[in-house]
Amino acid sequence: MSNLLITPPPSRWARFWASPLGDSLRGNPVALVALLVFSVIVVLALLAPVIAPFDPYDPTQIDIMNSDLPPFWIPGAEPQFVLGSDDQGRDMWSAILYGTRLSLMIGLAAVALQATLGIAIGLAAGYLGGRVDSLLMRLADIQLSFSTLMLAIVVLAVTHAMWGAAVFDRYAVVAVIAVIGLAEWPQYARTLRATVLAERQKEYVDSARVLGFGPLRIMLRHILPNAMSPIFVISTVQVGNAIIAEASLSFLGLGLPASQPSLGALIASGFDYIFAGSWWITALPGGVLVVLVLVINLLGDWLRDALNPRLYKV
Amino acid sequence: MSLLSVRDLTVKFAMRSQTVTALHQISFDLARGERLGIVGESGAGKSITGFALMKLLSAPGYIDSGTIQFDGTDITQAPEAQMRQIRGNRIAMVFQDPMVTLNPVLTIGQQMVETLRAHRKLSRRDAQEIALTKLREVQIAAPELRLKQYPHELSGGMRQRIIIAMALLLDPDLIIADEPTTALDVTIQADIMELLLKLCQANKVGLILITHDLGVVSQLTERTLVMYAGRIVEAGKTREIINDPQHPYTQGLINALPQQTLPGQMLKQIPGAMPVLTDIPPGCPFSPRCAFALAECRRLLPQIMQQGSSEVACHEVNRLHSDLLLEEGR
Amino acid sequence: MKDTMTAPEPPLLELRGVEKRFALDQSLLERLRFRDGRLRMDRREVHAVNNVSLTVNRGEALCVVGETGCGKSTVARLVAGLLAPSAGEVRYAGARIDNQSRRDLAPLRRRMQMIFQNPYASLNPRMTIAQALEEPVRYHNPDLAPVDVRAKVLEVMQAVGVDPSWRDRYPHEFSGGQRQRIAIARALTVDPEFIIADEPLAALDVSIQAQVLNLMLEAKVARGLTYLFITHDLSVVQHFGTRVAVLYLGTVCELADTATLFAAPKHPYTRALLSAVPQMRDGMPDHIRLKGEIPTPITLPKGCPFETRCAYADQRCRVEKPRPQQQRDGSLVACHAVEEGRVD
């Protein structure tokens, strides 16, 4: 049983590949393709400033004369604009790269906010129980009954009324992150609370208590690491949801302005031209959005199966 | 002719990275009405043997080779339709946890009647009558009431009685009981064991009792198989095995019990632990833990051989016996 | 209940009339109930431990034995401070500990440790063996240098047969017996004098049980440990215990020296329990059959808790709770029939 082989420590990737998680990935071609597509999108988005031929944030690079150019496979395309251009003459390829970057950034940041809030609240509710639990969970119920959209409308209305549209546009990214982050923390809190309730029954928690450890130490050092699997699973799903939420808000004019092209803002900006022939302005970023969210959800599905404790040990 | 005859039964588990052998060429016979104990610790393969006999191994486990002759039928070759007739009807199974067998959303009566009507052409009323008779046989208090109750309304001991009543429902030839009393308290366990023994004797039902408890085996069975790491290491009359164990593992198992040492003294422990299936040592699988192991034991797998009244798979026992024979011959 | 020994120092552990009740219905709505045509507030409770008084003297191994639901694990958790008693007192070395805050109990935590039933659950699956063993040492000795922490852990590991090369591995890589060793090592890292062991062998195989029991015996001698040992296995009690308390429905029905109890059990329940243990002898032993099964601890019998199953029960047993009575051989038995000489 205990034959200790002295081998050089394998690389992180090799270890992951050999782990049960890597093993389940090898047996799941759909997840593997999803991971591949997701990685390509992320790399392209991160390298946007390097790859993109134009900077969509720079008004000097935009020429209205280049507006409404079709993508390359349609007659009338300009070789400069591979995927065509929008109504203001922005290069679609560059706009999509930057937009994807922005959407991903907002999605991740919003989820980080949700997770921080939700984990802290869920952990406290589950471990401390009693009144604290009741109070926090009612708070979660109230938060859930406000939809993301409603919260966004309130925030937008208030900020517009107080500081005007120009100030809001400047801080739109922060506002959207805050709105999505605040609206969805109960997802985390509820899941984590359920996990903590189950973990708290286990003897290792009793053992920590008998050793005299304090509640904060038990929560953070002992229970939280054992409650990470469901957090990973919801996180992937929530990143997808947050990206869609951002796109929806931007499309409705409650999110990012057209000058900051997130995927949602791009879709919105092209919406008026769909039937005027320039369908690509909406369809191309829309397609990217669908693919991005799809691969994230596929990865989430795989992760849920792979981290399922019942299937984990096989 | 024996009721059950198992020959060279080998069960394997196909894991993603490798195929492991859980049972190695198990052979044994069971006469009609005979009670056989299969003893071993967790990982010995005793429960897998039970499932293999019922052809209930679920993936990734499968019967690799060998035959299981049950009353003239080779179970390993029998199609699923035929197996469904054999299961329950001819061979019944009793598990450690009654809730595995009992459906929580049906009453005891519904479950017993369903089982009966699935195998026999019976009216509901007749089936209910048989169910009542069987419940009386297992000496359950207020059997009429039990028929109307749901499993969760009954205590653990009562559930296990009901499981035994359900096992007897179709008058099987053989009951395979996998740790039937392990989850019960000693006072209840004693009652259930007594009941099981009485019913098997009265109805001439064969019993394969799978357990880790030598005391239970000793009281219920006539013959015993001792298993270790997927192999039978000793087989023989239960009394002989308990009173005069041959294999060092059987000896160790019995000697390790607290009853075998004076209070407060160190117990005679076996060092180490049962190997996991993926890491079975070469030669005799018990050799790393065996006080008698020689180089030969670590290299060569001992074959199971008749030694006196028992069959034993041990080089050391073989050596002792051949020495004895030599001396007698002299 | 009087202590049989007139020891000059107070017993290491003392339970005085300890009770533990668990509320079954938590919320207000669950407590509302219709009865006799009226809406009433009602609170159903599980009476897990009822008026238990025990002492454990230094150097002893007191075994608490009983069947499922008799409250033996609850006793262990009450002593360990994982539960607070509903009534009564828990005293350790003369001082009351059941009403202290966690901070006040901190020094006690080093003196009293617990070993759990399920070695698959009692070790944090995300901590390496080294982390699990070093954490308590560091927590209780914040000034200790890292080298000394490692040295302490190494000493304990070697003492209980945990291979030091296991340091960086996780609990799931070990078998049940190895994990129980690690769990014992963890309890010993803080140098306790008193160990509460809650069914430490129940999840282990026969050959491994012997190893772990030997380890606990060794530690008892080498470190002068005192044990409160909770178990259902009478053969372990006979081997390990110096004294035994037999628990039935949360009540102590017999408390005696181990040898006395096994040689001359007095309470009808103790007798039934002892007679039911499967023996490796020919045929079935003629065990004492008990009527029915253990009643639920929600509605306790009014008189003796064992009355519903006892062959000797009479009218007095049905209405009056028996008190523990000192017997000639020093054992304490709570039974009217024994008191009146109706048994045997």
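Reply: Start with pLDDT, which is the predictor's confidence in each residue, on a scale from 0 to 100. You need that here, as this is a predicted model: local features need pLDDT of at least 70, side-chain atom pairs count only at pLDDT 80 or more, and totals for chains, interfaces and linings use all residues. Residues are numbered from 1 along each chain as its sequence is written, while chains are lettered from A and ligands numbered from 1 in the order in which they are written.

Let's zoom in on chain A. Its mean pLDDT is 81, with 92% of its residues at 70 or more.

Now the build. Chain A has 15 helices and 0 strands; helices (H or I, at least four residues) and strands (E, at least two) are DSSP runs, numbered from the N terminus. Along the principal axes, the C-alpha atoms of chain A fill a box of roughly 75 × 55 × 30 Å. Take the contacts in chain A with a separation of 6 or more: 69% of them come from residues 24 or more positions apart.

What's tucked inside? Of the 314 residues in chain A, 41% are buried. Buried means 20 or more other C-beta atoms within 10 Å of the residue's own, exposed means 12 or fewer, and partly exposed is in between, with C-beta atoms placed from the backbone. Helix H13 (residues 263-271) of chain A is mostly covered, with 8 of its 9 residues buried. Leu263(A), Leu266(A) and Ile267(A) are among them. The buried residues of H13(A) pack against helix H5 (92-128), helix H12 (228-251) and helix H14 (280-307) of chain A.

Ala14(A) counts as exposed because it has 11 C-beta neighbours inside 10 Å. The C-alpha atoms of Ala14(A) and Ile177(A) are 35 Å apart, and the two residues are 163 residues apart along the chain.

How does chain A meet chain C? Here 15 residues of chain A touch 19 residues of chain C. On the chain A side, helix H10 (203-210) and helix H11 (215-226) each supply at least two residues. H10(A) gives the most, with 6 residues. That side of chain A divides into 6 nonpolar, 5 polar and 4 charged residues. (Ala, Val, Leu, Ile, Met, Phe, Trp, Tyr, Cys and Pro count as nonpolar, Asp, Glu, Lys and Arg as charged, and the others, Gly among them, as polar.)

And the partner? Chain C has 12 helices and 14 strands, and 49% of its 344 residues count as buried. The C-alpha atoms of chain C fill a box of roughly 70 × 55 × 45 Å along the principal axes. Chain C touches chain B too, in a contact that takes 35 residues from chain B and 33 residues from chain C. H8(B) brings the largest share of the chain B side, 8 residues.

Definitions and conventions. Two residues are in contact if their C-beta atoms, placed from the backbone, lie within 7 Å.
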